[in-house]
Amino acid sequence: MARPRKDADAPDARTRIIEAFWELIENNSIFELSVGEVTRAAQCNRGTFYYYFHDFDELVAIAMTQLLQDNELITDALWHFSSEGDLSAFDRRDVRCLLRRIVITMRAGAAEQVVQGIHTIIIDRVREIVHPDGEELEADSSFAVGFLVSGIMGFVMAVGFAREGGEEIDLEQLGDSACAYLRAVAMQTVETVAQVEGVDTSELLERVSKEADAYRASRATSPDVVKDA
């Protein structure tokens, strides 16, 4: 199949198709969408769609991958929250926008793909820190991290728009007890992983702390931090 022609001043067709998908699921279930609806919204033909995507399912999978894995903003925020229980990971306006897109995707029928994607993100971060040599985590460690991810997803749904007409949680309303709880859960997960993997807890905490410091440094240089949320 010949490559579709591209206007130098316009987004390429692949980008338009993915953005059309995001626009359409704002008000539609994924299961109700069709290739025809996406191509009409993207202003391209079906041949162009099938040049870039094998089928509709591949479009959904690629859109999810871009959202969850290719975007360092949301990856770093989720990691920082899960490893230290720090709510400030979500005080950036651009991160909030990405969270809302995640929630919309879940509400549109792709909850399983989103949860699995976030689980993969966090598991990979933990594995990279615990085993820089590439060794896999033990099953018990993966279970502990997976349990934590379930809690994260509940929080993500609450911080975003969990249901039609729902209100966004004001993080400033969460007091010291909530923050202490988040830190305790994060600490328990780190201690469990350290024990199972045979790594000194203090050493693992130091590695996690270095990751957290790097995230704080990146946030400090960002002009898009929410000050009054």
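**Figure 1. Helix α2 and its buried residues.** In this predicted model, helix α2 spans residues 35–42, and Val35, Gly36, Val38, Thr39 and Ala42 in it are buried. Around the helix axis they cover an arc of only 160°, so they sit on the same side of α2. An α-helix has 3.6 residues a turn, so residues three or four places apart point the same way. What do the buried residues of α2 pack against? They pack against α1 (13–24), α3 (46–52) and α4.

Figure 2. Gln43 follows α2 and lies in the loop between α2 and α3. Look at its backbone. Gln43 is not a glycine, although its phi is positive, at about 60°. Most residues other than glycine have a negative phi. Is Gln43 buried or exposed? Gln43 has a relative accessible area of 70%, and the cut-off for exposed is over 50%, so Gln43 is exposed.

**Figure 3. Helices α1 and α4 cross.** Two packed helices are described by the angle between their axes and the distance between the axes. Here the axes of α1 and α4 come within 10 Å and cross at roughly 85°. Angles of 65 to 115 degrees count as roughly perpendicular, and α1 and α4 are therefore roughly perpendicular to each other. From α1, the contact uses Arg14, Ile17, Ile18, Phe21 and Trp22. From α4, the contact uses Phe56, Leu59, Val60, Ile62, Ala63, Met64, Gln66 and Leu67. Sorted by class, this contact of α1 with α4 has 11 nonpolar residues, one polar and one charged.

**Figure 4. Helix α4 meets helix α6.** Helix α4 covers residues 56–68, and helix α6 covers residues 93–130. At what angle do α4 and α6 pack? The angle is about 80°, and the axes of α4 and α6 are 10 Å apart. That angle makes α4 roughly perpendicular to α6. On the α4 side, the residues that meet α6 are Val60, Met64, Leu67 and Leu68. On the α6 side, α4 is met by Leu98, Arg101, Ile102, Thr105, Gln113, Val114, Gly117, Ile118 and Ile121. By class, the contact of α4 with α6 has nine nonpolar, three polar and one charged residues.

**Figure 5. Thr105 in helix α6.** Thr105 has its place in helix α6. Its relative accessible area is 0%, so Thr105 is buried. Which residues does Thr105 touch, not counting residues up to four places away in sequence? They are Trp22, Ile25, Ile30, Met64, Leu67, Ala110, Ala111 and Val114. Met64 and Leu67 belong to the α4 residues that meet α6, and Thr105 is one of the α6 residues there.

**Figure 6. Leu33 in the loop between α1 and α2.** Leu33 lies in the loop between α1 and α2. Its relative accessibility is 9%, and the cut-off for buried is under 20%, so Leu33 counts as buried. Leaving aside neighbours within four places in sequence, Leu33 is in contact with Leu24, Ile25, Asn28 and Phe56. Take Phe56 from that list. Leu33 and Phe56 are 23 residues apart in sequence, and their C-alpha atoms are 8.9 Å apart in space. Phe56 also takes part in the contact of α4 with α1.

**Figure 7. Val95 and Ala77.** Val95 is in helix α6. Val95 counts as buried, at 0% relative accessibility. How many residues along the chain lie between the positions of Val95 and Ala77, and what separates their C-alpha atoms? Val95 and Ala77 are 18 residues apart along the chain, and their C-alpha atoms are separated by 7.5 Å.

**Figure 8. Leu148 and Val185.** Leu148 lies in helix α7, which runs over residues 139–159. With a relative accessible area of 14%, Leu148 is buried. Leu148 and Val185 are 37 residues apart along the chain. Their C-alpha atoms are separated by 7.7 Å.

**Figure 9. The whole chain, for orientation.** The chain has nine helices and zero strands. Of its 229 residues, 44% count as buried. Among contacts between residues at least 6 apart in sequence, 68% join residues at least 24 apart. The chain exposes about 12,500 Å², and carbon and sulfur atoms supply 48% of that area.

Key. Residues numbered from 1 in each chain as written. Predicted model: local features only at pLDDT ≥ 70, side-chain atom pairs only at ≥ 80, totals over all residues. Heavy atoms only, no water. Helix = DSSP H or I, 4+ residues; strand = E, 2+ residues; numbered from the N terminus. Buried < 20%, exposed > 50% of the residue type's maximum accessible area, 1.4 Å probe, protein only. Contact = heavy atoms within 4.5 Å. Areas by Shrake-Rupley, 256 points an atom, 1.4 Å probe, with all protein chains shown as cover. Axes fitted to C-alpha atoms, helices over the stretch in contact; angles between N-to-C directions. Parallel < 35°, antiparallel > 145°, perpendicular 65-115°, else oblique. Nonpolar A, V, L, I, M, F, W, Y, C, P; charged D, E, K, R; others polar. Arc of directions from axis to C-beta.
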